[in-house]
Protein chains: 2
Amino acid sequence: MATESRRDTYTPQTLLEVAVGVFIERGYDGTSMEHLSRAAGISKSSIYHHVRGKEELLRRAVSHALDGLFEVLEEPVALNGPAIDRLEHVARRTTEVLIDRLPYVTLLLRVRGNTDAERWALERRREFDHRVAELLREAVADGDLRADVDVRLATRLLFGMVNSIAEWYRPGHDSAIPAGRMADAVVATAFAGLRAAGSRGAADGEG
Amino acid sequence: MATESRRDTYTPQTLLEVAVGVFIERGYDGTSMEHLSRAAGISKSSIYHHVRGKEELLRRAVSHALDGLFEVLEEPVALNGPAIDRLEHVARRTTEVLIDRLPYVTLLLRVRGNTDAERWALERRREFDHRVAELLREAVADGDLRADVDVRLATRLLFGMVNSIAEWYRPGHDSAIPAGRMADAVVATAFAGLRAAGSRGAADGEG
């Protein structure tokens, strides 16, 4: 059978890539094993040969995103030195991970929490946010971060900016901005601000 | 019939509010007139008494969001004075409109463009973005905005930050931040940056 004959060319990794695309397009709730089977061009039983079901695919996919994000927190530059520098490093590298693992992070950002796998992903996202908020708190205590913006709100606005990139970034597109340059822009905007140094009113802005 | 007896209490406005909630919950594509009828507690024919169909409800809903956003561009402070100040005003007021008209703007942000009404909404969003990008361009020309972040990218990061508020803001919640304070935080973060004035490394960040 045509569909069976393709089974051997499928690895857990290629199946995962196809599943992530379908989850993003249809939503996780709206995706059936039938949809996955058609998108992958292999039978449902071939899929069950690799995974127990769609929840396992979701868990593997969001794990790939979460592992990338948590690894950033363990990088030497994120662990040593003033909190403000560690925080900038985390913002920079998080942007790069988002671009490097775009479909996986996009899926993670859309998880809403109806199944165990989704609730687990939300819990890990919260844990990541808490660890970043802790860095912001330290940087405020050091006097290196403005104290007039609430730490939780600043964390949300910072990652709101980073995560919004997933809404429009198209890798491989002519005008796709390289990950490093995107990370520079995020850090420049969020930490130094869009205002030029010495622009009129800049002192008010920083007061 | 029970459902018919409630018809007179429905106005186009209350029907619109219910429809926006259903569109956000189920997605516009996933919403049928039957879903709207059940959520509103009135018959489908009662809904057709008010509107031609769900596309008209979508158009009215996103119009409410778009009108609020475009009105900001016509406010005196957005029309007079240095571009940098007009831009900050637009960022501030856009944040306030997002919070004041939260469900409508949330729906607008989720529009993907499968129907005429959706394509029209996307076109108007693009027009809004172009007008804001024009302000950024003027502010760069004035030397008031950093020149090392591409104008289109800066526009996207700025509104990425603003729009992300719709993902988590819960009005009426104990910890809901008032619209004005949220707008202050957005302007402080995006224009002056999170770094405290005089923090170590601030000069690099602004270089």
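Guide: Glu138(A) counts as partly exposed, at 32% relative accessibility; buried means under 20% relative accessible area, exposed over 50% and partly exposed in between, with a 1.4 Å probe and protein chains only. This is a predicted model, in which local features need pLDDT of at least 70 and side-chain atom pairs pLDDT 80 or more, while totals for chains, interfaces and linings use all residues. Residues are numbered from 1 along each chain as written, chains are lettered from A and ligands numbered from 1 in written order, and side-chain values use heavy atoms, without hydrogens and water.

The partner of Glu138(A) is Arg86(A): the two form a salt bridge in which the closest N and O atoms are 3.2 Å apart (a side-chain nitrogen of Lys or Arg within 4 Å of a carboxyl oxygen of Asp or Glu). This pair links distant parts of the chain, with Arg86(A) in helix H7 (residues 83-100) of chain A and Glu138(A) in helix H9 of chain A, 52 residues apart. Helices (H or I, at least four residues) and strands (E, at least two) are DSSP runs, numbered from the N terminus. Arg86(A) is buried, with a relative accessible area of 14%, whereas Glu138(A) is partly exposed.

Helix H9 of chain A also holds Val140(A). At 24% relative accessibility, Val140(A) is another partly exposed residue. Pro76(A) lies 64 residues from Val140(A) in sequence, and their C-alpha atoms are 21 Å apart in space.

In chain B, a salt bridge joins Arg124(B) and Asp67(B), with the closest N and O atoms 3.9 Å apart. Arg124(B) belongs to helix H9 (residues 116-141) of chain B and Asp67(B) to helix H5 (residues 54-73) of chain B; the two are 57 residues apart, so the definition of a helix by DSSP runs places them in separate elements. Asp67(B) is partly exposed, its relative accessible area being 36%. Back in chain A, salt bridges with shared partners join Glu34(A), Arg38(A) and Lys44(A) into one network. Over all chains the count comes to 34 salt bridges.

Residues 32-51 of chain A are listed by UniProt, in an unreviewed entry, as "DNA-binding region"; such positions are given in the numbering used here, with feature names shortened, and annotations may be inferred rather than shown by experiment. In the model, residues 32-51 of chain A are 75% helix and 0% strand, and their end C-alpha atoms lie 14 Å apart. Ser43(A) is placed in the loop between helix H3 (33-40) and helix H4 (44-50) of chain A. Ser43(A) has a relative accessible area of 15% and is therefore buried. From Ser43(A) to Met33(A), 10 residues away along the chain, the C-alpha separation is 9.4 Å.

As for the setting of these elements, chain A has 12 helices and 0 strands. Its C-alpha trace spans about 70 × 35 × 30 Å along the principal axes. Chain A has 207 residues, of which 52% count as buried.

Leu102(B) is in helix H8 (residues 102-110) and is buried, at 8% relative accessibility. Between Leu102(B) and Ala83(B), 19 residues apart along the chain, the C-alpha distance is 27 Å. Arg110(B) is also placed in helix H8 of chain B, but Arg110(B) is partly exposed, at 39% relative accessibility. The C-alpha atom of Arg110(B) is separated by 21 Å from that of Val72(B), which is 38 residues away along the chain.
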